Amino acid sequence: METNDHVMVVDDDAEIRRLLGDYLRKNGYRATAVADGAAMWAALARGKIDLIVLDLMLPGEDGLSLCRKLRSESDTPVIMLTARGEETDRVVGLEMGADDYLAKPFSARELLARVKSVLRRYRALPMHLRADDATSIRFSGWTLDVRARHLVSADGVVTPLSGAEFQLLRVFLSHPGQVLSRDQLMSFAKGRESEPFERTIDLRVSRLRQRLGDDGGEPRLIKTVRGQGYVLAAPVTMER
Amino acid sequence: MRFAPKSLFGRLVLVLLAGLVLSQLATLYINQTERDQLLYRAGGMRLAQQISDIVKLLESLPGPERRRVVAVFNRPPLAVTLDRPALDLRSEEEDADFQLSIFTSVLRYALGEDAKIEVGRTHRPSHEHGERGFGPRRGRFGPPAFTVQVPLHDGTLVTFDSSVLPPVGTTTLRLALTLAVLLATVIVISLVAVRWVTGPLTVLADAAERLGENINRPPIPEAGPAEVQRAARSFNAMQQRLSRSIAERSRVLTAMSHDLKTPITRMRLRTDMLEDDAVREKFDRDLAEMEQMVTQTLEFMRDATDTEPVQRVDLMALLESLQADYEDMGKEVRIAGRVSRPLGARPVALRRCVTNLVDNAIRYGARATIDVAEEADRVTLRVLDEGPGIPEAKIERAFEPFFRGEASRSRETGGFGLGLGIARNIARAHGGELTLRNRPEGGLAAILTLPHPA
């Protein structure tokens, strides 16, 4: 509970601002709550912020464009709050450089869990899950449709992915050729906390390989690096 | 009109054919009578020529010779006799008898203007002359049946009885054949023509049928006959009005559901501050229910305007990815059966459809089994649970929005909400169907069939 991380909440609803601020403070965070973009920039100028909770619908400049601007000058993690809850909005939020999203209505406990996991992930792998505005990502004959969250094979057959598979694949695609440790990969996986991490991540990688038809005796796409973790051994092309 | 064909196409063909047959019959009748008149005229000329030739021959012969010659010429259809008394051949109706006057003038022309010819209709039957089928016959346009008496210059009276002309040959078979060919031609032409005329109607009917699948389908072409064009225009206008009215309602409902999210969020945040766990849980449950309604309503409204393209989908990968998602949430989903070919479907919508069915199965029966069967032209997905099922009488009502199976149970389970309705809409938008059935071994089966042409 002892963190002292500084979280900023940007939301135009005063009541939600107040409630979130209170809840975060109660849980050991330093919290600043502001109503719009201008106040956000002012607060950022005043001192270090570890994480921003940003509402998508804001008066004046909206959350998406604020997030994009923010990304161009800092890598502070962002959790986007969206009221629409539609896949496209969620993904658009991620494309604009948000690290995670939360659909309204959400509970304070859910938000707290996301704040924790995003901060943990940020510290484990200090790069954002930003795919440079990509809506599709090509690698080794496959195309990942980011909005629909499924793979399309070279001959046009759609292969749906589970939430965990999608997350994992995005981590690999954001870091092609880079060896990722199990801990790093795990920080992105949202699963049951009770399971032993190593085992879970191995299982997920093997499932992902199966989806990609890469599950022979000698995987070529996602290779195992003994004692270190996994690496995606394929060139990746981002497309808008 | 009990035996009238059902389709407009059939009726039009019938009307055309009936008209054609009637007009053919009338033409046939007219031709037949014309033919008789022609034959009559030609026959009359020949007869007059023949009579004048015989008379001229007899004039040149002495008495006994005449008898022999007459015996030679006395052959059907012309009876020639020498010793008949003068007959009173003039009748009152002579002037009115056009045929007779023509024949007389032709005869006079052949014999010379000064010949004392007596021409008249023969009213007596032919067998008077003792030969069957040989004698004058009466009939309006029948072959000429005349008696002609011509005095030779020595006073001998030659009597000619014209009789039935030999038939020119039967044409009935040929006529029937001609008619058959004509009819066949017209049937083929009218089939093509009527299809051309009724084609746009078929397009219209198909469009009306498909409107149920997609209210926003492109307007039908306003082509074809004027009446059909008008119907197509009205149809397109109706579709537009329907679509607008649905869009209007959707906007209201969407805005309402959407705006409810902020107050619900506030309440949830406030609830999280509550110290009393029991009270907080109750609030949480109610809020979760409200939230579900709002999210499902938005999802339901979104379906109506979904424009996701149809793609080839690996159905097994879809089911296995769902299974993995549920496993991550600690829920058990089993998969039985296989599909070998990719399925033509909208992947995101189909996933939502199956998710809704599995959610229900898990909510009511703890775990779900998805049974897949691939047939020649379709795929059947049966999502089975081990729950209590639904009373048979209420099974169809489960598709209604926010239907609750059993009051006491659904208080805690939240009912089906809009999940089944959304799932059925998606199934139907794919040209498939979703039904519910209580399984004999207990539990509910949601049966989703999707077209899967080879």
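Predicted model: local features only at pLDDT ≥ 70, side-chain atom pairs only at ≥ 80, totals over all residues.
User: What is the secondary structure of chain B, and what share of its residues is buried?

Analyst: Chain B has 10 helices and 11 strands. Of its 454 residues, 26% are buried.

User: How do I read a pattern of buried residues along a helix?

Analyst: An α-helix has 3.6 residues a turn, so residues three or four places apart point the same way. Now take helix H3 of chain A, residues 63-73. Its buried residues are Gly63(A), Leu64(A), Leu66(A), Cys67(A) and Leu70(A). Viewed down the axis of H3(A), they fall within an arc of 160°, so they line one face of the helix. Ser72(A) and Glu73(A), on the other side of H3(A), are exposed.

User: What about backbone angles?

Analyst: Most residues other than glycine have a negative phi, and most peptide bonds are trans. Start with the bond joining Lys104(A) and Pro105(A): it is cis, with omega about -5°. Pro105(A) sits in the loop between strand E5 and helix H5 of chain A.

User: Which loop holds Ser140(A), and is Ser140(A) buried or partly exposed?

Analyst: Ser140(A) lies between strands E6 and E7 of chain A. Its phi is positive, near 50°. Ser140(A) counts as partly exposed because it has 15 C-beta neighbours inside 10 Å.

User: And Arg149(A)?

Analyst: Arg149(A) also has a positive phi, about 60°. Its loop runs between E7 and strand E8 of chain A. With 23 other C-beta atoms within 10 Å, Arg149(A) is buried.

Terms used: Residues numbered from 1 in each chain as written. Chains lettered and ligands numbered in written order. Helix = DSSP H or I, 4+ residues; strand = E, 2+ residues; numbered from the N terminus. Buried ≥ 20, exposed ≤ 12 C-beta atoms within 10 Å, placed from the backbone. Arc of directions from axis to C-beta.
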